[in-house]
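Here is a set of questions and answers on one protein model. Take a look at the fold before reading on.

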Amino acid sequence: MTTLLSILLQTTTFEPDTTSTTVTTVTKVGEDLNLFGLLEKGGWVMVPIFVLFFIALFLFIERYRYISKTSRLDNTFLFSIKEMLFAGNIQGAINYCKTSPFPIARLLEKGLNRIGSPMRDIENAIENSARVEIYNMEKNLGILSAIAKIAPMFGFLGTVSGMIRTFHNISVANKIDISTIASGIYEKMVTSATGLMVGIIAYFFYTILTTMIDRTVNKMEVTAIDFLDILHKPASK
């Protein structure tokens, strides 16, 4: 009985602390899995993905500021034009449009310069000027749309590259274990996730800008219709 008790005490005394070792290992792995470390594991494919992201971000900020400026319109702007036209001061209305900071004024200026011509000619002048303004607002939106489609493709390219690396490592090591396949799997998953995220963000930017353009175009159409109504009223008196 004494011998058995001694053996149990020795086993308890010399048993390695596996729990402590496991916790230490898990903690170390957790410390290694930070954001920048994960992105670095994506490999070379991450470079074009990040380039696409920064291009999309730059285009969004630049287009957002331009469209916001284009959509501005003072509520008293059209009223001032109306008062000048009713007073017969056409040149004053033209000068007022030239000095106005609102881009919509360029449309009305084209129409004012053609007063005396048939109404259809005035409408055509306003429509042609509106097309130019819409084109300027939509400038480079095609690039933003392309980034939303291309970024996930680079993610898929990273998936293929990661699988190639995985099989290459297996063939070189002639065995399959975590250390052999980890780098390729990391590259596959990180590039796929990052490419999808950049594509989603770029598409979100594109949707915001196109919505802003639609609202601005609607505002231009309403203003142009009100302006044409003003031109009809003096003629009807």
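Q: Does Leu59 count as buried or exposed?
A: This is a predicted model. The cut-off for buried is under 20% relative accessible area. Leu59 has 7% relative accessibility, so Leu59 counts as buried.

Q: Which residues is Leu59 in contact with, leaving aside its neighbours within four places in sequence?
A: Leu59 has its place in helix 4. Ile143 is 84 residues from Leu59 along the chain, yet their C-alpha atoms are separated by 8.5 Å. Beyond its sequence neighbours, the contacts of Leu59 are Asn140, Ile143 and Leu144.

Q: How many helices and strands does the secondary structure come to?
A: Read along the sequence, the pattern is α-α-α-α-α-α-α-α-α-α. The count is ten helices and zero strands.

Q: What share of the contacts with a separation of 6 or more comes from residues 24 or more positions apart?
A: The protein has 237 residues, and 32% of them count as buried. Among contacts with a separation of 6 or more, residues 24 or more positions apart account for 76%.

Q: Which element gives the most to the largest nonpolar core?
A: This core has 41 residues. Helix 4 (46-70), helix 5 (77-86), helix 6 (90-99), helix 7 (104-112), helix 8 (119-138), helix 9 (141-173) and helix 10 (178-236) each give two or more residues to the core. With 13 residues, the element that gives the most is helix 10.

Q: Which residues have the most contacts inside the largest nonpolar core?
A: Take Leu85 as an example. Leaving out residues up to four places away in sequence, Leu85 touches Ile90, Ala93, Leu112, Ile115, Phe227, Ile230 and Leu231. The residues with the most contacts inside the core are Phe77, Leu85 and Phe227.

Q: Is Ser100 buried or exposed?
A: Ser100 lies in the loop between helix 6 and helix 7. Not counting residues up to four places away in sequence, Ser100 touches Phe77 and Ala105. Its relative accessible area is 14%, so Ser100 is buried.

Q: Which element gives the most to the lining of the largest cavity?
A: The count comes to one cavity of 30 Å³ or more. About 30 Å³ of space lies in the largest cavity. Its lining is Thr70, Ser71, Arg72, Ile104, Thr216, Lys219, Met220 and Thr223. Four of the lining residues come from the element that gives the most, helix 10.

Q: How many nonpolar, polar and charged residues are in the lining of the largest cavity?
A: The lining includes Ile104, Thr216 and Lys219. Sorted by class, it has two nonpolar, four polar and two charged residues.

Q: Which element gives the most to the lining of the largest pocket?
A: The largest pocket holds about 200 Å³ of space. Its lining residues include Leu107, Glu123, Ile126, Val217, Met220 and Leu228. Helix 8 and helix 10 are the elements that give two or more residues to this lining. With six residues, the one that gives the most is helix 10.

Q: How many nonpolar, polar and charged residues line the largest pocket?
A: Glu123, Glu127 and Glu221 are among the lining residues. By class, the lining has nine nonpolar, no polar and three charged residues.

Q: How far apart are the end C-alpha atoms of residues 189-209?
A: The unreviewed UniProt entry places the feature "transmembrane region" at residues 42-61, 141-164 and 189-209. Over residues 189-209 the chain is 100% helix and 0% strand. The end C-alpha atoms of this stretch are apart by 31 Å.

Methods: Residues are numbered from 1 along each chain as its sequence is written. This is a predicted model: local features need pLDDT of at least 70, side-chain atom pairs count only at pLDDT 80 or more; totals for chains, interfaces and linings use all residues. Side-chain values use heavy atoms; hydrogens and water are left out. A nonpolar core is a set of buried Ala, Val, Leu, Ile, Met, Phe, Trp, Tyr and Cys residues joined through side-chain atoms within 4.5 Å. Buried means under 20% relative accessible area, exposed over 50%, partly exposed in between (1.4 Å probe, protein chains only). Contact means heavy atoms within 4.5 Å. On a 1 Å grid over the protein atoms alone, a cavity is a set of points where a 1.4 Å probe fits but cannot get out, and a pocket is an open set with protein on both sides within 12 Å along at least five of seven lines; lining residues have an atom within 4 Å of a point. Grid points are joined across faces, edges and corners, and a volume is the space filled by probe spheres set on the points. Ala, Val, Leu, Ile, Met, Phe, Trp, Tyr, Cys and Pro count as nonpolar, Asp, Glu, Lys and Arg as charged, and the others, Gly among them, as polar. UniProt positions are given in the numbering used here, feature names are shortened, and annotations may be inferred rather than shown by experiment.
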